[in-house]
Structure formats: C-alpha cells, structure tokens
Amino acid sequence: MIKLNFPNTPLGFEAFKQNLPSATVKNLTIGKYWILIETHYGAGLVANPSEYNKNEFVKYLHAVRGQSTNEIIDFCYSQNALKRAIGCATINSLINTVNLELSTENGLDVKADADEKIVVVGRFPGLGRKLPNAYVLERNPGPQDYPESAAPQLIPTCDRLIITASTWVNGSLETILSLVKNAHVSVIGPGTPMSPLLGRYGISRLAGFVTTNPKEISKLIARDAGVKQFKHFGRFGVLSIGN
C-alpha cells in the first residue's frame with residue numbers, strides 16, 4: 001500500500017465529525033491483525049497497522065473504554081499509527097451499523113471492459129483470480145506487484161482504481177486520489193467507512209463490512225484471527241455513491 005512518512009488526517013475526517021452521533025465506547029479489542037471498537041451504535045473494524053504489544057493494548061483499553069466517541073475520534077490527529085487506527089475504528093463504529101442497506105456483491109467484483117486498465121492499491125486475497133490483469137501497487141511488492149513509487153505512472157492512466165481501506169487509516173488516501181485523472185474509484189476492505197460523504201472526494205464505490213455479532217468477533221480478534229475466521233459474524237456489502 002502507499003504510505004506517507006508524515007500522515008495526513010484521514011480523508012473526510014472533519015466532515016465525519018460534523019455528521020456523526022455521539023456515543024460511549026463500550027469496548028476496544030486489539031489483535032495482531034485487527035482492531036475493533038464497540039459502541040451502542042455498532043462495531044467498527046480497521047486493520048492493525050502496528051506490531052502487537054499487549055502493554056500498549058492495556059494502556060489504550062483503560063484510556064478509551066467508557067469515554068465519549070467525540071474524544072476518541074480525535075485520535076485521528078495523532079502521528080502514532082495505533083492511536084490513529086483506534087480513532088478510525090471509532091468512526092467506523094458509528095457509520096458501519098447493522099441498518100445499512102448494501103448490495104451483496106464482493107468488492108473485487110468489477111464489471112470492466114476487456115481493454116480497461118485496472119490499478120489496485122494493495123494485494124487482496126483472491127485478487128489474482130478475480131482480476132488477473134490488474135496492476136497491483138504494494139509497499140512490499142511481490143514478484144507480480146509494482147512498488148509504491150510506480151503510483152504516479154500507473155494511477156493517472158487507469159480506468160478503474162481499487163484502493164485498500166488501510167490507506168484511509170494511514171492518511172495516504174488523499175495523496176493517492178490526487179493522482180487520479182478520470183478513473184472510477186473504489187475503496188474496499190473491512191475498515192472502509194461506508195459513508196456517502198466520501199463521494200465528494202471522487203470516490204464512487206465503497207465495499208466494506210458490517211459486524212452483526214461484535215462479541216464473537218472480539219473474541220476471535222483477541223486470538224489473532226483474520227477475516228476468514230470472523231467473516232461469518234458480519235456481512236460484506238457495497239455502497240455505490242457516485243458515477
């Protein structure tokens with residue numbers, strides 16, 4: 001994925017602050033791969049961007065639980081990767097609620113013409129099977145990937161751009177979008193904030209995850225489970241927000 005040395009505030013953060021309800025944080029779970037914040041509105045997920053540290057988890061659990069979401073979402077201003085992620089998960093807990101109306105398609109189900117150029121930021125599971133001709137940008141590129149330094153060459157000329165939600169958390173999404181010329185843009189992954197407000201930044205499609213059983217997902221995340229293990233306790237969906 002693309003990462004900035006000095007992260008910006010997550011895209012749309014100020015707009016989210018003005019439109020989100022206020023709640024109390026019921027619980028925080030940090031695992032090796034995922035972070036979960038629970039409020040009475042719902043549960044929000046983001047990928048864990050840092051090395052797992054039990055002492056750091058305990059510190060943030062005491063600092064976050066029982067606090068107002070208005071205070072915790074301000075963690076998004078932090079330069080600390082884990083603290084920012086907790087702020088983003090809190091935003092998602094207020095947006096990705098069970099009453100969201102989403103289509104049931106997969107985020108990688110793209111109906112593209114044969115001659116369309118597709119660029120994907122992030123090597124998603126199953127990507128090679130679903131989009132075998134896509135150009136993939138990765139921070140740690142594999143043999144079939146391009147390094148993040150290739151973004152200024154690949155993104156402006158693409159017809160479709162699919163971006164991992166982790167770029168929203170680490171603050172690089174805005175920089176990636178600045179390279180877009182005419183592409184149809186999707187942001188996908190369990191950490192995607194499923195809000196139409198992101199449409200104002202040129203994003204047309206959001207694919208994310210709604211937690212329906214946060215108690216069970218929390219248990220699994222605490223045991224370092226990944227999406228494959230906890231996906232049955234929620235639902236994936238797509239929200240179209242633009243042309």
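1. Val 136 lies in strand β5. Strands here are DSSP runs of E with at least two residues, helices are runs of H or I with at least four residues, and both are numbered from the N terminus. This is a predicted model, in which local features need pLDDT of at least 70, side-chain atom pairs count only at pLDDT 80 or more, and totals for chains, interfaces and linings use all residues. Residues are numbered from 1 along each chain as its sequence is written, and side-chain values use heavy atoms, with hydrogens and water left out.

2. Is Val 136 buried or exposed? Val 136 counts as buried, because its relative accessibility is 2%. Buried means under 20% relative accessible area, exposed means over 50%, and partly exposed is in between (1.4 Å probe, protein chains only). Leaving aside neighbours within four places in sequence, Val 136 is in contact with Val 120, Gly 122, Arg 123, Leu 127, Asp 145 and Tyr 146. Contact means heavy atoms within 4.5 Å. Leu 206 is 70 residues from Val 136 along the chain, and their C-alpha atoms are separated by 19 Å.

3. Now the aromatic rings. The structure holds seven aromatic pairs. Rings of Phe, Tyr and Trp (its six-membered ring) pair if their centres lie within 6.5 Å; planes under 30 degrees apart count as stacked, over 60 as edge-to-face and the rest as tilted. One of the pairs joins Phe 16 and Trp 168, edge-to-face, at 6.3 Å centre to centre with 80 degrees between the planes. This pair links distant parts of the chain: Phe 16 is in helix α1 (residues 13–19), Trp 168 is in helix α7 (residues 166–170), and they are 152 residues apart. Phe 16 is buried, at a relative accessible area of 1%. Trp 168 also counts as buried, with 1% relative accessibility.

4. Tyr 135 and Tyr 146 have ring centres 5.8 Å apart and planes at 45 degrees, so this pair is tilted. The pair links distant parts of the chain, eleven residues apart: Tyr 135 is in strand β5 (residues 135–138) and Tyr 146 is in strand β6 (residues 146–147). Tyr 135 is partly exposed, with a relative accessible area of 30%. Tyr 146 is partly exposed too, at 35% relative accessibility.

5. Ring pairs also link Trp 34, Phe 209, Phe 230 and Phe 236 into a cluster.

6. Two lysines lie over ring faces. Lys 117 is over the face of Tyr 135, at 5.1 Å from the ring centre. Lys 83 is over the face of Phe 75, at 4.8 Å from the ring centre. A charge sits over a ring if NZ of Lys or CZ of Arg is within 6 Å of the ring centre and within 35 degrees of the ring normal.

7. Lys 83 returns at a helix contact. Glu 56, Tyr 60 and Val 64 in α2 meet Leu 82, Lys 83 and Ile 86 in α4.

8. Thr 211 is placed in strand β9 (residues 205–211). Thr 211 is buried, with a relative accessible area of 4%. Leaving aside neighbours within four places in sequence, the contacts of Thr 211 are Leu 36, Ala 43, Leu 45, Val 98, Ile 217, Phe 233 and Gly 234. Tyr 52 is 159 residues from Thr 211 along the chain, and their C-alpha atoms are separated by 22 Å.
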